[in-house]
Amino acid sequence: DYSLTVVGTEPTGDTQLTLKLDDLSRFKEHTNTATLQCAGNRRSDMKDTKGTQWRTGAISTASWTGVRLRDVLIESGLPLDEDGLPVDKSIHHVHFIGLDTDPT
């Protein structure tokens, strides 16, 4: 029984939306493909570096499929502008807590 809970504060007031895994199926599915390269690539070409000497291999491409965070935030009541940014410009942070969180 997996669920996703979105807890909001100002400007919408204290709100809470809980969605079960099945609830997410009503949102449109999107796929995002991205290539990530480690900032430490080619460290072996630099002088006096410590740690693992990556050559050029720390790079990968992956595709993620699921619902957009934007759509879930809108469902929770967070007003967004046409660019998908919060209408309240004082909002700068989304905090995630997952099942892999260390409980200590």
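A nonpolar core is a set of buried Ala, Val, Leu, Ile, Met, Phe, Trp, Tyr and Cys residues joined through side-chain atoms within 4.5 Å. Buried means under 20% relative accessible area, exposed over 50%, and partly exposed in between (1.4 Å probe, protein chains only).

The model is predicted: local features need pLDDT of at least 70, side-chain atom pairs count only at pLDDT 80 or more, and totals for chains, interfaces and linings use all residues. Residues are numbered from 1 along each chain as its sequence is written, and side-chain values use heavy atoms, with hydrogens and water left out.

The protein chain has 1 helix and 4 strands, in the order β-β-β-β-α from the N terminus. Helices (H or I, at least four residues) and strands (E, at least two) are DSSP runs, numbered from the N terminus.

The largest nonpolar core has 9 residues: V6, L17, L19, L24, F27, V72, L73, L78 and L80.

Contact means heavy atoms within 4.5 Å. Leaving aside neighbours within four places in sequence, V72 is in contact with L4, V6, L17, L19, L24, F27 and V67.

In soluble globular proteins, nonpolar side chains tend to be buried together. Is L99 buried or exposed? L99 is exposed, because its relative accessible area is 75%. This residue is found in the segment after α1.

Of the 104 residues in the protein chain, 17% are buried.
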